[in-house]
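Biologist: I would like to learn how to read an interface. Please take it step by step.

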Amino acid sequence: MLNLISPTFVLLFQEGPRTPVEQMKYAAVHPDLSKFLVIGALLFIIGVAGVLTRRNIIVIFMSIELILNAANLNFIAFSRYLYTTGNANAVAGQIFTVFVIVVAAAEAAIGLGIVIALYRNKETIWVDEIDLLKW
Amino acid sequence: MVLFLFVIMLVNVGAEERGRDEIFNNQRQVTASLIFCLLLVAGVLYAVNKGYGGLQARNKIPPDVASAQETVRDQSLPKSATGSSSITKDSETLAASLYRFASLPFEIASVLLLVAIIGSVMLARTLRQEASADDVDPEVLQVEMARDPDLAKLEPQSD
Amino acid sequence: MLKYIWLVPLLPLIGAAFNGLLGRKLRFSEKLIGRIAVGSVALAFLISVAAVYSYGFGGHAEWPKPYLTSQDGFSFNWIPGGAVNVNHGTEAPRFALLNVEWSYQLDPLSSIFMLIVTGVGLCIFIFATGYMHGEAGFYRFFAYMGLFMFAMLVLVMGSNFLMMFVGWEGVGLCSYLLIGYYFDRPEAANASRKAFITNRIGDFGFALAIFGVIATFGSAQYVDVFTQAKSYPIELIGQWGVLSWIALGLFIGACGKSAQLPLHVWLPDAMAGPTPVSALIHAATMVTAGLYMVTRTNVIFQHSQTMLLVVALIGAATAIFAASIGITQNDIKKVLAYSTVSQLGFMFMACGVGAFVIGIFHVMTHAFFKALMFLGAGSVIHGMHHEQDMRRMGGLKKYMPYTYWTFMAGWLAICGVIPFSGFWSKDEILWNAASTTHIPLGWIVWLVGTIAATCTAFYMTRLMAMTFWGKERFLAGAGGEADEAHAAAYDKGLAPHDAVVASAGDRLRHEPGEHVGPIHEDVAHHVATHGHAHENGQHEHGAHVPHESPPSMWVPLAVLALLAVIGGFVGVGPAFRFMTGAEHPGGRLNIVTWLNPIIWNPATREFNAPEGAEHEAPVAAEGAHGEASVYGDTGFNLAHSVQNSTHSELKTEWIFIFISLLVAGIGMLLGAYFYLWRPALAGIWAKRLRPLYEASYNKYWVDEFYGWAVTRRTMDLARAVYSFDSKLVDGIVNGLAALSRLFSRIVGGIDKYFVDGLVNTIAAFIMRLMSPLFRAAQTGFTQNYALVMVLGLMVAVALFFMRDIVNAVR
């Protein structure tokens with residue numbers, strides 16, 4: 001991905017890489033915030049796509065976990081960024097992440113219980129066969 | 001995630017392997033989802049791009065300076081027992097905030113987990129398990145006993 | 001002691017409350033009920049005696065001023081009132097504030113009545129404990145009697161017209177309750193209703209009079225009203241003003257309460273009640289309430305000569321009317337009832353000619369001897385096992401000596417034999433009637449009174465002869481039954497079973513305490529229930545030998561007999577001044593001296609001064625015809641014309657005394673002749689004078705006339721009004737309802753087909769259009785729902801960042 005560095009910074013800090021290749025090598029070794037955010041976003045989208053498209057209930061649950069973890073990634077990225085840029089509230093992101101993990105675990109437990117009860121009744125794991133609310 | 005694997009093993013995974021059953025939903029749903037996700041991708045990338053520019057403008061410390069400072073800080077950390085890595089202060093920082101300022105959410109989270117455990121146990125009980133624990137409605141029990149006479153044996157002896 | 005007179009009405013009320021409310025619940029014994037009742041009345045009597053003594057004869061005697069408890073005793077503001085306009089007509093309105101208080105007044109008049117009510121009442125209560133022995137409703141009887149005592153005492157002790165009215169109504173109520181004591185007998189129930197309704201008619205007049213008093217004088221208190229009334233001008237015959245109207249209303253009330261013509265019809269029927277009730281209420285106390293009222297308001301009456309004439313004439317007419325009925329009645333209580341009506345007529349005669357004091361004196365002596373005779377009759381009835389027909393009595397004097405000797409005292413008193421009490425009062429009445437200057441036609445009043453006195457002596461001697469002297473008839477033939485049915489059959493010569501009771505009054509043959517049932521009109525039913533063994537319609541009954549009554553019954557008789565003998569000496573008249581040395585001997589103990597302060601003197605226009613009682617008759621020698629000039633020329637005056645020929649007032653008085661003694665003797669001799677010495681002659685003369693006999697025996701058919709003229713016409717009117725209401729008024733209402741129903745049906749039809757049709761069409765159209773669309777959204781497929789959720793979320797976020805997005809796009 002492109003890494004935008006304003007000309008001012010280039011002037012101030014002569015140590016930065018100049019050529020595009022050097023820039024890319026530098027960016028690969030010193031990842032900044034936007035890269036993490038992009039990864040989190042991609043994971044989020046993959047998870048959403050999995051929730052909306054797959055037939056298997058378990059796969060849907062996995063996709064939901066993927067969504068939650070993408071959000072966690074977002075939090076951590078910002079936490080690291082704030083830490084390195086000197087903000088005193090940097091640890092808040094990590095704390096939030098802990099709680100998101102807890103909630104994800106609880107939700108998964110309950111969800112799987114529901115799935116097992118549902119399976120005992122309907123004997124199927126294909127979501128499109130569970131359509132009792134259909135008119 | 002381990003539990004997931006166990007559950008998958010319990011549930012009808014053969015269909016996946018055999019490949020006879022469909023793994024994707026009907027066409028319309030899939031199409032609509034994919035269109036939406038592509039839109040999302042575009043939107044997210046654009047937003048991250050735009051946002052990061054503004055974020056960078058407000059940096060107190062430019063990032064390469066920040067990473068240089070970080071490298072310096074890393075070198076000042078104490079080394080581990082084997083000397084291969086240094087002991088960071090990350091968990092200490094996290095714990096210092098977590099157990100002081102976020103202690104209430106922490107407790108609530110533990111209660112939440114407890115509730116989740118109980119709920120999942122209750123949800124996943126079979127009829128037999130419920131009958132032996134005397135947790136079935138009498139009317140429902142009559143109906144089920146007609147279908148499965150063994151249930152009567154499981155009922156706790158009342159005195 | 002004066003301060004405590006408020007206890008006098010209250011004690012009988014408390015006794016009545018105990019007996020009435022707790023008597024049955026807590027199952028009081030007869031002894032206890034009797035003790036509570038008699039004790040309360042005895043205590044009230046003692047307090048009255050002490051109070052009257054300290055009022056009139058004590059150290060700080062208040063006599064002759066009236067004593068009001070609002071001075072230093074019990075009183076409270078009963079009716080806080082509003083303004084009353086006391087000027088009428090063309091003058092500017094002047095308002096007085098009408099506050100009615102509940103306070104008691106002890107003055108000469110109310111003191112006499114207090115003593116009579118509580119004293120005679122005490123004797124009667126004691127008698128009743130013996131007479132009513134064995135009754136199931138013993139407690140009820142004494143509760144009602146106590147209530148009656150309370151009401152009567154409030155009537156006579158009240159300090160204003162409204163309290164008198166409260167007591168008036170209260171005694172009427174108790175009369176209803178007590179006459180109807182045997183409420184399961186139709187004639188008792190009818191009689192009590194008749195008494196109450198007739199009373200009510202009188203009460204209407206009384207109420208109007210009270211309104212008039214309040215409107216004229218602005219107050220209801222006696223002291224205020226009479227002080228103001230003193231100064232009004234006298235209205236002679238021919239003038240009729242506001243005071244005459246008030247007096248008319250008051251007298252209508254008195255007619256109703258004291259059974260004067262034409263409202264006398266209830267009193268004979270009231271004999272259906274137990275005998276103590278007849279004695280207390282219908283002889284001694286309630287019926288004298290009318291006289292109390294007339295004497296209390298003598299100021300107002302003396303201002304209206306017309307009303308005085310009316311009172312005197314109606315009194316005289318009643319006296320002779322009732323006396324003429326009494327000579328043919330066969331029921332012992334009926335004779336006494338008509339005698340009461342007749343004697344009340346005498347009292348009103350006295351008031352009408354201006355001798356109010358003598359009227360009250362006669363009230364007092366009449367209370368003694370009439371209560372005595374009623375109780376004696378009760379004793380006779382009790383001893384004869386509830387036989388009331390005199391034709392089946394006779395020769396009782398050797399079986400019931402106490403009753404006989406005490407009854408004889410009463411007989412001599414009522415006949416007017418000197419020196420018994422009746423003589424003193426009756427003679428004074430006749431003298432005052434002859435010599436009155438208040439009204440014209442005094443001589444007619446005297447003549448009618450004398451004839452009535454003769455009849456009185458006749459029928460009372462007849463009663464004595466048939467009951468106590470002569471042959472014993474209670475063992476003969478079909479004797480022993482007390483049915484009026486049998487008595488009627490005896491008259492007509494029918495077999496007893498074929499007779500039917502027509503009139504109210506007698507008890508059936510039952511022992512006290514037995515259930516008293518309805519009268520049988522059906523022969524077979526009568527035989528079946530009574531189980532008589534008989535041949536040819538003859539009854540075989542065990543002979544009932546009469547017996548003397550227990551001491552609880554004859555001791556009060558003895559007390560009353562003593563009073564009947566010596567009670568008259570408080571009113572020894574001026575005719576005896578040569579013996580006693582004074583016009584009215586005895587100082588304050590003389591009734592004329594005692595009562596004079598409340599009598600208004602038209603000559604002086606003030607209430608009489610206590611010293612020097614006024615003569616009602618002017619003295620010939622002195623030309624002080626003060627009163628004559630007050631009332632104008634009242635025409636022929638019998639006493640004056642006699643006096644003009646004898647030239648001596650004393651001689652004139654003695655001539656009249658002699659005449660009254662003579663007629664009394666003639667009456668007694670005739671009675672003895674027809675019923676003791678030649679009993680067969682009575683029947684022969686009755687047949688010879690058949691029309692007169694029938695008229696008298698059937699009470700001049702007054703009840704039948706009232707029934708036809710008043711009762712039936714009222715019911716016809718009620719029926720007419722009812723049919724008007726049900727046909728016309730209800731018809732209109734029902735018609736409107738039907739119209740409403742029709743209208744609602746039309747509107748309902750419009751609503752159902754028109755409006756609802758429109759709505760349904762629109763709804764169906766929309767449904768056909770939209771329903772497939774919405775149905776398609778309900779797939780039941782969770783992931784569809786999830787997709788929609790996420791789309792919505794995206795839209796929300798986009799909206800959130802709308803400004804930035806727009807800026808970026810630009």
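Modeller: Start with buried area: the accessible area (1.4 Å probe) that two parts lose on being put together, summed over both. Between chain A and chain B, that area is about 4,900 Å². Carbon and sulfur atoms give 73% of it. In chain A, A:Ile45, A:Thr53 and A:Phe99 lose the most area to chain B, together 11% of what that side buries. This is a predicted model: local features need pLDDT of at least 70, side-chain atom pairs count only at pLDDT 80 or more, and totals for chains, interfaces and linings use all residues. Side-chain values use heavy atoms, without hydrogens and water, residues are numbered from 1 along each chain as its sequence is written, and chains are lettered from A and ligands numbered from 1 in the order written.

Biologist: How many residues does each chain bring to the contact?

Modeller: Contact means heavy atoms within 4.5 Å. Chain A brings 51 residues and chain B brings 54.

Biologist: How many salt bridges does the rule find across the interface of chain A and chain B?

Modeller: The rule wants a side-chain nitrogen of Lys or Arg within 4 Å of a carboxyl oxygen of Asp or Glu. Between chain A and chain B it finds zero.

Biologist: Which class labels apply to the side of chain A that touches chain B?

Modeller: Ala, Val, Leu, Ile, Met, Phe, Trp, Tyr, Cys and Pro count as nonpolar; Asp, Glu, Lys and Arg as charged; the others, Gly among them, as polar. That side of chain A has 36 nonpolar, eight polar and seven charged residues.

Biologist: Now chain C. Why does C:Val559 count as partly exposed?

Modeller: Buried means under 20% relative accessible area, exposed over 50%, partly exposed in between (1.4 Å probe, protein chains only). C:Val559 counts as partly exposed because its relative accessibility is 38%.
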